[in-house]
Amino acid sequence: MLHDVLLVMQKTFHSKPEAERVCILSFDEMHIDRKICYDVNEDQILGPFSKVQLVLARGITAGWKQSVFFNFDTTMTKHLLYEIILKIEEKGLIVKAIVSDLAGSSTLWKELEITSKNNFFIHPLNCRKIWAFADPPHYLKLLRNHFLDTGLDLKDGTVLTKNIFEEVFKKDRGEYKLCLKLKPNLLTVRGKERQKVSAAKTLFSATTAKALLLLTENQRAAEFFEFVDSFFYIMNSPKLHPPSNKPLQAGYGLEKYFSQQEQILQNMKEEMKGMRVQGKKSLLPFQKGILISISSLSGSWNDLKNFKFSYILTSRHTQDSLESLFSQIRGAGRFYDHPSSVEVIYQLRNLLLANKLPILSPKVNTREDSINEGYLTADILKNAFAEKDIQEIHELPSEEDDLVAFENL
């Protein structure tokens, strides 16, 4: 636990209204360089470790985020999660939800008894519900992967495979193209390229849906692709008032859009229950993740209205900020984005003190606005000192300089 960080958060939030103290925890593992390192500050040997577990707290209504925990080769368990929740809430924060990817949460969700029919767990000290969410970009990528690899059997028996795009590419090759972003390589992504959510978002888009309808006249396929696009907008809304051409990106719960959003969520629920990946007889984890997230959004919304919430920005129920943190830590290594255990500690300290390091890893799988958000401790330090006393970090300091600076603060 980052105890000094928690003390700063306690001082910051002790006089704030409850709504600003309500938060969601996101957690995930990042692969690191498996080598033995020497920590000068602690005078100890670290490693070899292969992963680091990071936990980030983020305000659901207030625009803040903060790293609160890290450890090496540590799996998130029910016991550890309860310990983190209790430590955070001792400082005055209120944990209302958790979000994780489907791979990292499988064991934890079993421990918490999270299923498609039970989308919450009970707080370890009281009867309050804490809602579970799966990360939308992860289940969107998994939906895309299964569509490309085997195909989908929709609830009405319609079979969708990537072969449907053969006709699209054959007809959409003239001087004026309907889908400039839709290219054959989107159907052949492999390996690390499958980690990028942008490719999956381009494939399952309203533009692709229109091309399918015009060029193949397959109305059911077009409806499904547009349906997925609309659903992802609802589960990943970054702004209260959306652009006029993307009304579903509005904050969830606003009266003007709520009935339309609810209808799409319920339709997606029915679609996921009835859909099967070809060759599979039961629901796969990504389908269960979607069902759990839809139920959790509805349940948490009813819960949060007690805190006088008038809407939810669902982008705060994603792992975008955590992925940004990973990218910033990797980016500090310039051309080598597999940091050692000691480097992870130093980079994390720099982020907590100076908001972000100057170079980002090219492996950025999140939106830019998530990357540009500041960390609570760094924002407080910036306001606490005169502008002349705060220098922007242009290059990574040496280990000793970094440790001295941290100790002096």
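Visitor: What kind of model is it, and how are residues numbered?

Guide: This is a predicted model, in which local features need pLDDT of at least 70, side-chain atom pairs count only at pLDDT 80 or more, and totals for chains, interfaces and linings use all residues. Residues are numbered from 1 along each chain as its sequence is written, and side-chain values use heavy atoms, with hydrogens and water left out.

Visitor: How many helices and strands in the chain?

Guide: The chain has 16 helices and eleven strands, taken as DSSP runs (helices H or I, at least four residues; strands E, at least two) numbered from the N terminus.

Visitor: And how much of the chain is buried?

Guide: 52% of the 409 residues count as buried. Buried means under 20% relative accessible area, exposed over 50%, and partly exposed in between, with a 1.4 Å probe and protein chains only.

Visitor: What share of contacts join residues at least 24 apart?

Guide: 71%, among contacts between residues at least 6 apart in sequence. Contact means heavy atoms within 4.5 Å.

Visitor: On to helix packing. At what angle do α12 and α13 pack?

Guide: About 115° between α12 (residues 320-331) and α13 (residues 341-354), with the axes 9 Å apart. The axes are lines fitted to C-alpha atoms, for helices over the stretch in contact, and angles run from 0 to 180 degrees between N-to-C directions.

Visitor: Which residues meet there?

Guide: From α12, Leu 325, Gln 328 and Ile 329; from α13, Val 344, Gln 347, Leu 348 and Leu 351. By class, that contact has five nonpolar, two polar and no charged residues. Ala, Val, Leu, Ile, Met, Phe, Trp, Tyr, Cys and Pro count as nonpolar, Asp, Glu, Lys and Arg as charged, and the others, Gly among them, as polar.

Visitor: New topic: how many cavities of 30 Å³ or more?

Guide: Three. A cavity is a set of points on a 1 Å grid, over the protein atoms alone, where a 1.4 Å probe fits but cannot get out, and lining residues have an atom within 4 Å of a point. Grid points are joined across faces, edges and corners, and a volume is the space filled by probe spheres set on the points.

Visitor: What lines the largest cavity?

Guide: The lining is Tyr 139, Leu 140, Leu 143, Val 228, Phe 231, Phe 232, Met 268 and Ile 290. Two or more of the lining residues come from each of α5 (136-149) and α9 (219-234). The lining is eight nonpolar residues, with no polar and no charged ones, and the space in the largest cavity is about 50 Å³.

Visitor: Is Glu 89 buried or exposed?

Guide: Glu 89, in helix α3 (residues 78-90), is buried because its relative accessible area is 19%. Leaving aside neighbours within four places in sequence, Glu 89 is in contact with Ile 94, Val 95, His 123 and Arg 128.

Visitor: Where is the cis peptide bond?

Guide: Between Gly 47 and Pro 48, with omega about 0°. Gly 47 is in the loop between β3 (44-46) and β4 (51-59), and is partly exposed at a relative accessible area of 27%.

Visitor: What about phi at Asp 43 and Lys 308?

Guide: Asp 43 has a positive phi of about 50°, and Lys 308 one of about 65°. Most residues other than glycine have a negative phi. Asp 43 counts as exposed at 56% relative accessibility, and Lys 308 counts as exposed at 75%.

Technical notes: On a 1 Å grid over the protein atoms alone, a cavity is a set of points where a 1.4 Å probe fits but cannot get out, and a pocket is an open set with protein on both sides within 12 Å along at least five of seven lines; lining residues have an atom within 4 Å of a point.
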